[in-house]
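I set out below what I looked up, entry by entry.

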Amino acid sequence: MSIRMFSIALSLLLASQVQAMESRTQLEESGWKTLTSYQQMMDYLQPLVASSTKVSMVPMGTSVSGRVIPALYFSNDPVFASQRANKPLVMISCQQHGDEPSGKEAALIVARKLLNENSDLLDNLDLILVPQVNPDGSELGTRRNANAMDLNRNHVILSEPESLALHQLFLKWLPEVTLDVHEYNAIKDPWIEAGFTKDADEMLGGVTNLNIDPNIIRFSRESFIPDMGKGVAADGFRFHRYIVGDPFEAGVVRFSTTAINDSRQSMGMYNSLSFIIEGKRYANTTNELEKRTRGQVSAMLNFLQTSNQHAADMLAIVKQARATMEDMDQSHIQMEYYADANHPVLNFPVFDLKSWERTNRDLENFKPLVKIRKSVYKPAAYAFPATEMRLIELLKRHQIPFQTLQRDDDFKTETYRVQHIVEAIDEEKPTYLVDVHKIARQETLQSGMIIVPVSGSAANLIPLMLEPESTWGIVSPRATGKYRFADYLVEGQDYPVKRLPPQDKLNLEKLAE
Ligand SMILES: [Zn+2]
């Protein structure tokens with residue numbers, strides 16, 4: 001054997017030792033025809049994880065039908081998240097909606113690539129990857145879980161084991177960066193009647209709710225989304241910032257939702273750089289599986305590439321935003337969309353059904369600006385009777401700390417008397433407009449009352465959940481889940497959750513002794 005031949009043989013041998021297993025998913029094996037089932041996913045992941053020290057697999061939770069939901073922890077360091085002070089932690093979750101399978105298929109391929117040709121994407125970050133949040137929905141081919149609940153509208157109430165498990169994984173680590181992977185249906189009647197369909201292969205959305213730190217909103221919109229978009233476009237996919245809504249008649253085209261009951265925005269409430277990806281599919285969930293999966297692989301790899309490139313900035317932005325969260329003394333409980341005179345229309349990638357061409361079109365009824373409609377000042381704490389077990393359970397699901405009043409004590413309080421409840425529409429969804437009258441008084445709160453301080457990492461979230469006028473509160477029809485608190489709103493009666501105004505901070509400190 002010549003020296004040259006020998007060195008080639010040696011390098012091949014070394015390569016085979018450092019390369020993790022190169023197994024294929026069912027979708028790849030079948031020539032992009034058959035989706036990978038839950039069991040096939042587990043059969044693929046187990047040897048892959050066993051082949052490398054850079055990944056481990058832990059159960060995140062268990063679905064309604066008893067399927068274990070795996071989470072993969074990736075790190076190029078010997079100990080996962082041991083370099084947290086210098087490296088952001090990224091969490092990517094896929095397939096909360098069971099009929100959006102391309103995210104899971106892509107996640108399985110990305111997991112393999114991260115142990116092989118794309119291991120450099122882990123140089124500046126650690127990653128938690130959840131390939132399939134909703135295994136029951138996936139097996140059934142349904143959007144919802146086996147309780148017929150939409151998991152990505154359940155992050156306020158957290159009544160479902162799958163959304164709860166995902167949220168608790170998030171709370172355990174508080175990742176600086178999160179991505180939730182979805183698909184959107186490009187086949188929509190009013191668009192087809194107008195002669196075109198949406199044609200972005202991948203749409204990336206950032207956080208939009210104005211309670212989230214402005215630097216996070218700005219960095220997402222001005223740096224991260226455009227940078228990632230360049231990478232996705234270079235891979236041959238049409239990219240756009242995530243939009244929802246219709247440009248027709250009374251519709252509103254906007255940059256997604258301000259609601260906090262989805263994964264992206266609920267995690268954004270903790271001042272994370274939180275995103276959602278929407279890959280394009282048509283009405284049938286099994287069309288163009290190869291293209292859809294490759295598009296999602298491109299989106300996820302470019303997401304990691306962009307995170308890797310901006311790692312230091314992202315770490316600093318999140319650190320600063322979390323350190324100053326408690327300084328915000330207002331909670332913005334209602335928001336509205338506005339047109340921008342400088343950008344009256346949105347130029348958007350479409351498929352023209354007359355010319356049969358991929359082109360662009362100016363969409364009307366474009367309202368890109370989000371403005372505050374109503375704010376309240378944040379109280380020092382909320383207080384409610386210990387008999388409200390449902391509310392105690394909700395706080396526990398969110399891991400929000402609370403105290404029990406040990407003796408009767410005088411407090412300044414504010415109580416909402418519910419005047420009128422009017423049903424309305426917000427973001428095309430039913431909501432309530434609640435008219436309340438606030439009564440301020442000095443009163444004795446009984447021993448046993450539950451006191452919820454508005455502080456800590458959930459300081460943004462607590463008022464948005466508990467204020468009766470909040471668009472996204474626990475009483476809102478938008479907070480779906482079997483434990484919704486609609487009965488807390490009765491015209492002419494007091495809302496059961498009281499506010500303890502900020503001047504009672506001293507009083508609370510005394511209580512904590
Ligand atoms: Zn979805």
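Entry 1, overall form. I compared the radius of gyration of the protein chain, 24 Å, with the value near 24 Å for a compact globule of 513 residues, and the two agree. The radius is taken over C-alpha atoms, and the globule rule is 2.2 Å times the number of residues to the power 0.38. Along the principal axes, the C-alpha atoms fill a box of roughly 90 × 60 × 40 Å. I noted 14 helices and 19 strands in the protein chain; these are DSSP runs (helices H or I, at least four residues; strands E, at least two), numbered from the N terminus.

The model is predicted, so local features need pLDDT of at least 70 and side-chain atom pairs count only at pLDDT 80 or more, whereas totals for chains, interfaces and linings use all residues. Residues are numbered from 1 along each chain as its sequence is written, and side-chain values use heavy atoms, with hydrogens and water left out.

I found domain 1 at 56-329, domain 2 at 333-371 and domain 3 at 378-512; the bounds come from an automatic or database domain assignment. Between domain 1 and domain 3, the C-alpha centres lie 30 Å apart. In contact (heavy atoms within 4.5 Å) are 33 residues of domain 1 and 27 residues of domain 3. The area buried between these two domains is about 2,500 Å², with 53% from carbon and sulfur atoms; this is accessible area (1.4 Å probe) lost on putting the parts together, summed over both. On the domain 1 side, V156, I157 and Y270 lose the most area to domain 3, together 23% of what that side buries.

I counted one salt bridge between domain 1 and domain 3, taking a side-chain nitrogen of Lys or Arg within 4 Å of a carboxyl oxygen of Asp or Glu. E428 pairs with R254 in a salt bridge, their closest N and O atoms being 3.0 Å apart. The whole structure holds 36 salt bridges.
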